[in-house]
Every structure is written in structure tokens, then in C-alpha cells.
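I opened my notebook and started looking things up, one spot at a time. Here is what I wrote down along the way.

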Amino acid sequence: MQWAMAAGVLRRAAARTRTMASDTPLANAMRLRNQLQSVYKLDPLRNEEEVNVKIKDLNEHIVCILCAGYFVDATTITECLHTFCKSCIVKYLQTSKHCPMCNIKIHETQPLLNLKLDRVMQEIVYKLVPGLQNDEERRIREFYQSRGLDRVVQAEESTAAEQTSLQSLPFDLSKAHYYCYDELVRLCLERHGSRQGAEGKEPPVPVLKQKFVRCSVRTTVSQLRQVLSKKLGVCPPSQVFVHFEEESLLDDTTLKEVWLTYWYQKPAPLLLYYSISEGPVS
């Protein structure tokens, strides 16, 4: 009889203990553990890190809605953070100034200024989709070969064998470029005019003393803008913009891409224009 009473007291004490412990952090952690086990089939308390996810479950995050293909040169709209293929969104914005997904206005006059390459997203896509990066490299090589062009290979893209063979060749430093020895492009930078200032007045646009420039094809529009700002003595908040005719060029675009897109099979130099805005562009 005494043993039965003692057992009942112990059971009631254990029940009270469980009730009190249900609201403790440990109880919350155990509930989270059970949810993870049911959803991801893993136990986080055992440091299991591998999760099997189907590609089709991620397609809505890594597929461009304009071409229905995986992102290539993933480009994000800074206003709404929606991502597309670079070629797809640039072509789309030739006829519209709104985001294809949420219809938000990207920019009043120059929507291309609010596009940024999303290198992190592109690396994620390449790691998730087997063979996608190799297929893109093959298409790029075929594009250059079909047009008889020499592709400029970045240092990190070249193989160890190619680097060894280049190092074994005799190299005359006296004939080399001071900074790098690669393909060059010749530019002619003309004054484009000016944008309206903050008070409705047009700021004066200085003229370059030396408008003919020779630089590497790897140079980006952003780097060219920085050089122009120093040469023209432009200080913030004023900004220098680079154009081809009436179209503003994206900062991440290389001069090689500009030449292939707008000046292919035309005589050098490549004609570009620069303008200055007084104050930040809205």
C-alpha cells in the first residue's frame, strides 16, 4: 500500500515537472528539432548538414521569367531587387521603364542606370545547375570563333598549362604596356552636352584636352567614369556619365562588350560621349 502511494506521488510530481518544463528554452529547442526532422529529414543536434533538395523546387528563384531559362549574367533591378538575365532585361527595357514582375517604375528616363550585376546569384545558379557554366563557356567560344574574333581571357580563366607556356616564352618588356600586355581599344571621347541641374540651370561641361584614349578592353564603364571625373575636375555630388549616342552605358559593361555591341566592323576609334549631371540623379 505504501509503495502504491509513493508511486502515485512520483507520477504526479513528474507530470508537474513536465508541465513546468514545457515553456523552457530546452522545450522550444526540442520542438524546433522535431520540426526540422519532419521537414528536412535531419537532426541539427547531430551536426547533419546535407539536405537533398530538388532543382524544380528552386526554379522559381533561379529562372528568368523573360526567357524561361536559368539566369545567365544575372542582373538585379535596384529598385525592387528582382533578377533577370542581363540580355533579357536590357532588351526588355528598350520598350518599357517598368519591372516585368512588379511593374514598379525603374527610372523616369534611364532605367538601365538602376541595373546591377548580381555575381552572388550567378555563382549560386552555376553551383545548383550541373553543366550550365560549361555550356555557357562553349557558346561564348563558338560565338567568337564564328566571327573570327580573339577572346580576351582573364588571368583566372587561363589554365595552368597555358600560364606555364606563356612564362617560358621570351618577353620583351620594353615593348610591353606599362600596366598590362593585352588587347587595347581606341576611344574618342566627345562632349555630349549637359543635364538639367538642381535649380534648372545647365552646368558648364568642360572639354577634355586629350579626347583620344587607348586603354585595355577589360576596362569597365565605371572605371572610365572615374578617370573622366578626375580629368574634368568633377567632384560629388556632380557625376560624369558615359553614352553611346543617346544611350547611357551600364557601369559593369566592359569596353570590349561596348565595341562588339555598337562598333563591330567599324573603323577605330570607338566614339563615346560624356556628360555631367549637377547633383544626384533621381
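**Lysine 211 and its partner.** I started with lysine 211, which is partly exposed at 31% relative accessibility. This is a predicted model, so I keep that in mind for every entry. Lysine 211 makes a salt bridge with glutamate 190, and I find the closest N and O atoms 2.8 Å apart. Lysine 211 sits in the loop between E4 and E5 while glutamate 190 belongs to strand E4, so the pair ties together parts that are 21 residues apart in sequence. Glutamate 190 also counts as partly exposed, at 25% relative accessibility.

**Other salt bridges.** How many salt bridges does a search of the whole structure find? I get six. As a reminder to myself, side chains of opposite charge can pair when their charged atoms come close.

I then went to helix H6, residues 132-146. Glutamate 136 and arginine 139 meet there through their side chains, 2.8 Å from N to O. They are three residues apart in H6, which means about one helical turn separates them. Is glutamate 136 buried or exposed? I noted it as buried, because its relative accessibility is 15% and the cut-off for buried is under 20%. Arginine 139 is partly exposed at 42%.

A second pair turned up in H6: glutamate 142 and arginine 138, four residues apart, again about one turn of the helix. Their salt bridge spans 3.3 Å, N to O. Glutamate 142 has a relative accessible area of 42% and is partly exposed; arginine 138 is partly exposed too, at 34%.

I also jotted down a network: Lys116, Arg225 and Asp251 are linked by salt bridges.

**Proline 206.** Back to the loop between strand E4 (184-194) and strand E5 (212-216), where I looked up proline 206. Which residues does proline 206 touch, leaving out those up to four places away in sequence? My list reads Arg191, Leu232, Tyr274 and Ile276. I checked leucine 232 in more detail: its C-alpha atom is 6.5 Å from that of proline 206, though the two are 26 residues apart along the chain. Proline 206 is partly exposed, with a relative accessible area of 31%.

**The loop between H9 and E8.** Next I went through the backbone. Alanine 268 and proline 269 are joined by a cis peptide bond, with omega at about 5°. Proline 269 is in the loop that runs between helix H9 (255-262) and strand E8 (270-277). Glutamine 265 is in that loop between H9 and E8 as well, and I wrote down its positive phi of about 65°, although glutamine 265 is not a glycine. With 67% relative accessibility, glutamine 265 counts as exposed.

**The loop between H3 and E1.** Where is aspartate 73? I found it in the loop between helix H3 (59-62) and strand E1 (74-77). Aspartate 73 is partly exposed, at 45% relative accessibility.

Isoleucine 65 has its place in the loop between H3 and E1 too, and I marked it partly exposed at 48%. What kind of patch do Ile65, Leu66 and Met101 form on the surface? I have it down as nonpolar, with about 260 Å² of accessible area together.

Key:
Residues numbered from 1 in each chain as written. Predicted model: local features only at pLDDT ≥ 70, side-chain atom pairs only at ≥ 80, totals over all residues. Heavy atoms only, no water. Helix = DSSP H or I, 4+ residues; strand = E, 2+ residues; numbered from the N terminus. Buried < 20%, exposed > 50% of the residue type's maximum accessible area, 1.4 Å probe, protein only. Patch = residues over 30% accessible without salt bridge, like charges linked within 9 Å, V, L, I, M, F, W, Y side chains within 5 Å. Areas by Shrake-Rupley, 256 points an atom, 1.4 Å probe, with all protein chains shown as cover. Salt bridge = Lys/Arg side-chain N within 4 Å of Asp/Glu carboxyl O. Contact = heavy atoms within 4.5 Å.
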